[in-house]
Amino acid sequence: MKLAALLTSAGVNTAVCVVLFSLYSVLRKQPSFVNVYFGAKIAQVRARQQDAFRFDRFVPSPSWILKAWETSDEEISATGGLDAVVFVRMIVFSFRIFSIAAIVCNFLVLPLNYFGKEMQRHQIPAETLEVFTIVNVEEGSRWLWAHCFALYLISCCACFLLYLEYKSISRMRLAYFTSSVSNPSYFTVLVRAIPWSRQESYSGTVTRFFTNFYASSYLSHQIVYRSGSVQKLVTDAGKMCKMLKLTPRELHCGSSSMRCGLCGTTASFSMLPMEAETDKGRSDFDGSDLRKKESAAALVFFRNRYAALVASQGLQSRNPMSWVTDLSPEPDDMYWSNICVPYRLLWIRKIAILVASMALVAFFIVPVSLTQGLVHLDKLQKTFPFLRGILQRKAMSQLATGYLPSVVLIIFMYMVPPIMLLFSTMEGSISRSDRKRSACIKVLCFFIWNVFFGNILSGSVIERFSKFFKDVKNLLATAVPSTATFFMTYVLTSGWASLSCELMQPFGLLCNLFYRFVLRNKDVSTYGTLTFPYHTEVPRILLFGLFGFVYSTLSPLILPFLLVYLSLAYLVYRNQ
């Protein structure tokens with residue numbers, strides 16, 4: 001790839017970012033999109049206020065950038081929690097270390113790479129990117145000491161900055177725990193795999209167990225009842241039967257009309273009353289059926305935090321598959337549908353999810369190999385001779401090598417985080433945060449293997465499969481620098497463009513338009529609020545950090561693009 005192709009990719013992505021950032025600054029001012037960009041609560045307040053038409057709503061402005069820059073860490077913590085602060089600190093750490101790497105490598109290593117061999121020079125835009133990498137340095141050159149010096153300097157700075165960041169984050173965590181003494185989840189333990197008994201219910205078993213072993217600190221408990229999809233359907237069917245038994249006069253008095261709007265018709269349908277007057281206040285669970293609907297899980301409450309912590313960390317039985325205890329997540333963080341899953345089935349689920357994740361990784365080797373074919377035009381022309389006439393044009397060749405490979409890979413990569421989140425849900429996580437953390441680890445492993453090692457080894461493994469395991473060190477030494485050009489375009493496309501999509505919230509916009517114009521629903525409180533996709537953004541930041549550390553001395557040209565990405569990420573994520 002030539003430098004002109006890289007500049008073409010940078011120009012295309014810069015134009016996309018400017019357009020989407022400007023469009024975002026306009027859309028966030030529109031009253032109809034307040035719930036997409038500011039949340040449902042603010043949207044309800046804005047809905048009561050009749051804002052007059054103003055022309056400045058349709059003029060792009062950088063006001064959101066200034067607000068994001070001026071926001072303090074305390075405000076971010078109050079809005080998004082400690083996780084949001086740590087995520088922003090991750091970006092700050094990456095910017096600091098790669099700023100040091102960019103100064104050292106671009107002023108020390110890059111000139112040595114460019115003048116490493118005696119060769120005919122061209123104009124800078126016409127040069128291939130390989131002359132700016134370590135590939136252009138002669139084998140056994142005495143100037144390799146500069147690469148080693150830069151590598152050790154970057155490593156020492158990274159360790160020192162990591163120490164400072166961990167020290168700062170530890171203080172924030174301690175301040176968070178000491179400031180939230182009255183949080184009910186600190187006094188609550190989630191108990192699963194409660195042994196079944198013929199003589200007494202699960203509730204009685206829990207009372208007897210904790211009264212015997214935690215008599216001084218045990219306060220009370222709450223059994224978790226089954227309420228799955230089938231149970232909800234049965235309950236809804238029972239309510240419908242009760243409503244159908246009402247007399248026509250009662251139906252007429254208690255009904256209300258509402259337009260559907262789904263098919264564009266003007267006919268109305270009747271909303272039946274949810275409950276009869278005689279059924280108000282009656283619980284969905286009958287007393288005789290309570291024991292049948294009990295699950296082998298309970299929330300146990302203690303008098304102090306220390307007792308709850310001891311109970312959650314200790315082994316409660318000789319059988320590790322019974323009386324399993326964990327600190328309870330917060331009520332809004334609890335993933336209730338997984339609590340009723342039998343604990344003995346969780347290890348089977350985890351093995352099945354591991355096999356499915358490995359199969360997904362193997363499946364995505366195909367699109368990764370396709371993107372590497374787009375990078376190497378000579379191999380692509382040999383495989384598909386009918387493309388020679390198209391790819392010989394200068395503009396098409398620059399577009400094909402500088403922009404299309406990363407775009408094709410990104411399109412396939414957008415399928416991965418939702419699939420991994422589904423896998424983490426099926427594993428049986430008891431909280432939404434645990435589910436996202438598990439999905440984050442899976443996505444990160446997928447990115448490192450498929451995006452990093454897959455692109456490095458996809459072409460070399462096919463050509464040298466017989467010698468792959470015998471000559472793996474030399475293979476990596478030659479393959480890693482040769483793929484630096486692809487990862488530069490990947491940072492441009494996946495990094496810069498993904499920030500624009502995160503800012504625009506296309507999924508939230510489509511849902512908003514669907515609710516308003518298809519379902520004719522004007523109540524913004526029913527639209528829902530999107531949560532921050534940590535399982536997508538954290539792996540991307542860490543993957544780009546891997547690119548920076550690997551290629552800082554091999555191909556220093558990647559560092560300026562990383563710094564631009566991290567600068568935009570700092571503003572965009574603070575705004576989000």
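Mentor: Let's start with S555, which lies in the loop between α24 (534–551) and α25 (558–575). Helices here are DSSP runs of H or I with at least four residues, strands are E runs of at least two, and both are numbered from the N terminus. This is a predicted model, in which local features need pLDDT of at least 70 and side-chain atom pairs count only at pLDDT 80 or more, while totals for chains, interfaces and linings use all residues. Residues are numbered from 1 along each chain as its sequence is written, and side-chain values use heavy atoms, with hydrogens and water left out.

Trainee: Why does S555 count as buried?

Mentor: Buried means under 20% relative accessible area, exposed means over 50%, and partly exposed is in between (1.4 Å probe, protein chains only). S555 has 1% relative accessibility, so S555 counts as buried.

Trainee: Which residues does S555 touch?

Mentor: Leaving out residues up to four places away in sequence, S555 touches F132, T133, A484 and M488. Contact means heavy atoms within 4.5 Å.

Trainee: Why is Q505 called buried?

Mentor: Its relative accessibility is 15%, so Q505 falls on the buried side. Q505 sits in the loop between α22 (484–504) and α23 (506–518). Its phi is near 55 degrees, a positive value in a residue other than glycine.

Trainee: And what makes W323 buried?

Mentor: W323 has a relative accessible area of 8%, therefore W323 is buried. The loop between α11 (305–313) and β6 (324–327) holds W323, whose phi is also positive, about 55 degrees, although W323 is not a glycine.

Trainee: Is I351 buried, partly exposed or exposed, and why?

Mentor: I351 has a relative accessible area of 47%, so I351 is partly exposed. I351 belongs to helix α13 (residues 346–363).

Trainee: What makes up the largest nonpolar core?

Mentor: A nonpolar core is a set of buried Ala, Val, Leu, Ile, Met, Phe, Trp, Tyr and Cys residues joined through side-chain atoms within 4.5 Å. The largest has 84 residues, and Y490 and F547 have the most contacts inside it. Helix α5 (residues 73–114) gives the largest share of this core, twelve residues. Apart from this core lies another, of 17 residues, among them V189, V300, A308 and A311.

Trainee: How many of the chain's residues are buried overall?

Mentor: Buried residues make up 42% of the 576 residues in the protein chain, which has 25 helices and six strands.
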